[in-house]
Amino acid sequence: MAAVTSPETSPQPRVYFATPGGTTEEPETPVRKQGRVTVKYDRKELRKRLNLEEWIIDQLTDLYDCEEEAIPELEIDVDELLDMPSDVERGARVKDLLVECFKPTEDFVSELLDKIRGMQKLSTPQKK
């Protein structure tokens, strides 16, 4: 690596730094540890949950014809829906949450129920 100076800006000679000789190996890259969240939960389930939440936000922005920040305060709790015994109850719960939406919500509700079918609840694992 060289410290670059030009004769016009500095009357002093250029200074060069030599790299240490004999080392052609690349430095070891540190092993990346998994974060606390991915140790507690399955990474695939977290990815599925994140994708679902992004899809829900996209759908709500379309339903309410607004930007994400302007979506009315409502919380679609996937774990709560997964705790319910039937799709009928899940659908009724989501429709209750979307009561202020003036667009038809049936397609959104049925797609949401299809997407959460087979998902696992993200409950906190018990410490051993």
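Predicted model: local features only at pLDDT ≥ 70, side-chain atom pairs only at ≥ 80, totals over all residues.
Reader: Which residue forms a salt bridge with Arg49?
Author: The closest N and O atoms of the pair are 3.1 Å apart.

Reader: How many residues apart in sequence are the parts tied together by Asp79 and Arg49?
Author: Asp79 belongs to helix 3 (residues 78-83) and Arg49 to helix 2, so the pair ties together parts of the chain whose separation in sequence is 30 residues.

Reader: Nice. In which helix do Glu45 and Lys48 both lie?
Author: Glu45 and Lys48 make a salt bridge, with 3.2 Å between the closest N and O atoms. Glu45 counts as buried at 6% relative accessibility, while Lys48 is partly exposed at 39%. They sit 3 residues apart, about one turn of the helix, and both lie in helix 2 (residues 43-63).

Reader: And which residue meets Arg93 in a salt bridge?
Author: The N to O distance here is 2.9 Å, and the partner is Glu80. The pair links distant parts of the chain, 13 residues apart, with Arg93 in helix 4 (residues 87-97) and its partner in helix 3.

Reader: Finally, how many salt bridges does the structure hold?
Author: Some salt bridges share partners, joining Asp87, Arg90, Asp114 and Arg117 into one network. For the structure, the number of salt bridges is 8.

Methods: Residues numbered from 1 in each chain as written. Heavy atoms only, no water. Salt bridge = Lys/Arg side-chain N within 4 Å of Asp/Glu carboxyl O. Helix = DSSP H or I, 4+ residues; strand = E, 2+ residues; numbered from the N terminus. Buried < 20%, exposed > 50% of the residue type's maximum accessible area, 1.4 Å probe, protein only.
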